[in-house]
Amino acid sequence: MHRFFVEKEYAEKMQIVGGDARHISKVLRMQPGDRLQVVSDDGITALAEVVAIDGECVSVHCLETIAELHEPRVKITLAQGLAKGEKMDFIFQKAVELGATALVPVAMEHSVVRLDGSKAEKKVERWQKIAEAAAKQSKRDMIPRVAKLQTMAELLASNSCGTKLIAYECEDRMSLKEALQAAEQAGGIKELLLIIGPEGGISPKELELAKAAGAIPVSLGKRILRAETAGLVAMSAIFYETGDLG
């Protein structure tokens with residue numbers, strides 16, 4: 001069943017507007033009486049019936065709330081070093097499908113891509129649309145927010161996650177599993193910042209900045225993973241270790 005997000009608190013009668021309304025009427029060709037799911041701004045999911053379709057506004061009547069939750073116990077913020085081409089599109093799309101709560105594009109020292117001013121803003125807008133589409137497809141209960149482009153220093157200064165991990169290809173002492181087990185034993189994991197480098201990897205300076213901010217360097221195994229693979233592998237392992245993947 002199709003799912004749509006409404007930027008208002010839950011009410012018995014709600015309206016879907018803009019692009020989603022056009023999609024409902026022009027692409028899906030729904031009619032009054034058809035049913036869909038709506039997710040309100042306060043995180044309530046409901047089964048709803050289309051009442052009326054008028055231009056760019058679809059009015060719905062909520063029939064019942066849906067108690068089943070689709071969000072993971074551990075909230076992961078994925079901080080991804082800028083990667084080339086369409087790799088960032090792919091990374092953010094799949095990260096949302098897996099369950100990321102927030103996404104942060106990071107301009108790192110070894111990033112080949114350089115984004116400034118309006119170009120960076122347009123990219124963030126694009127990634128936010130990709131995140132919204134992925135959230136709908138994967139039946140998320142919220143749309144993960146894509147933050148503005150940041151440097152490593154800005155990321156670390158603004159992030160308050162209790163657990164911070166940075167995947168580092170030269171790390172040979174601490175595995176991801178060991179770091180997660182230690183964090184669970186130290187009081188549990190509620191919010192986790194996962195830092196992944198670009199194609200060129202994380203610079204020594206960035207690594208030291210991260211460590212000074214409390215981030216733990218971890219290994220993702222004996223093989224070197226691509227920039228577009230590392231974050232998704234790490235997220236899958238984290239969710240498995242914390243019981244979210246069954």
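The model is predicted, so local features need pLDDT of at least 70 and side-chain atom pairs count only at pLDDT 80 or more, while totals for chains, interfaces and linings use all residues. Residues are numbered from 1 along each chain as its sequence is written, and side-chain values use heavy atoms, with hydrogens and water left out.

Start with the pairs. Side chains of opposite charge can pair when their charged atoms come close. A salt bridge here is a side-chain nitrogen of Lys or Arg within 4 Å of a carboxyl oxygen of Asp or Glu. The count by this rule is 12 salt bridges.

One of them joins Asp89 and Arg126, at 2.5 Å from N to O. This pair links distant parts of the chain. Asp89 sits in helix H2 (residues 87-98) and Arg126 in helix H3 (residues 117-137), 37 residues apart. Helices are DSSP runs of H or I with at least four residues, strands are E runs of at least two, and both are numbered from the N terminus. Asp89 is buried, at 11% relative accessible area. Arg126 is partly exposed, at 41%. Buried means under 20% relative accessible area, exposed over 50%, and partly exposed in between (1.4 Å probe, protein chains only).

Stay on helix H2. Here Glu97 and Lys94 form a salt bridge at 3.3 Å, N to O. They are 3 residues apart in the helix, so about one helical turn separates them. Glu97 is partly exposed at 32%. Lys94 is also partly exposed, at 25%.

Now move to helix H6 (residues 204-212). Lys211 and Glu208 are 3 residues apart there, again separated by about one helical turn. Their side chains meet in a salt bridge of 3.7 Å, N to O. Lys211 is partly exposed at 40%, and Glu208 is partly exposed at 46%.

Salt bridges also link into a network. Its members are Asp20, Glu132 and Lys136.

Glu7, Glu9, Asp41 and Asp42 form a negative patch. Patch residues have over 30% relative accessible area and no salt bridge, with like charges joined within 9 Å. Asp and Glu count as negative. The place of a charge is CG of Asp or CD of Glu. Glu9 lies in the loop between strand S1 (3-5) and strand S2 (13-17). With a relative accessible area of 61%, Glu9 is exposed.

Methods: Patch = residues over 30% accessible without salt bridge, like charges linked within 9 Å, V, L, I, M, F, W, Y side chains within 5 Å. Areas by Shrake-Rupley, 256 points an atom, 1.4 Å probe, with all protein chains shown as cover.
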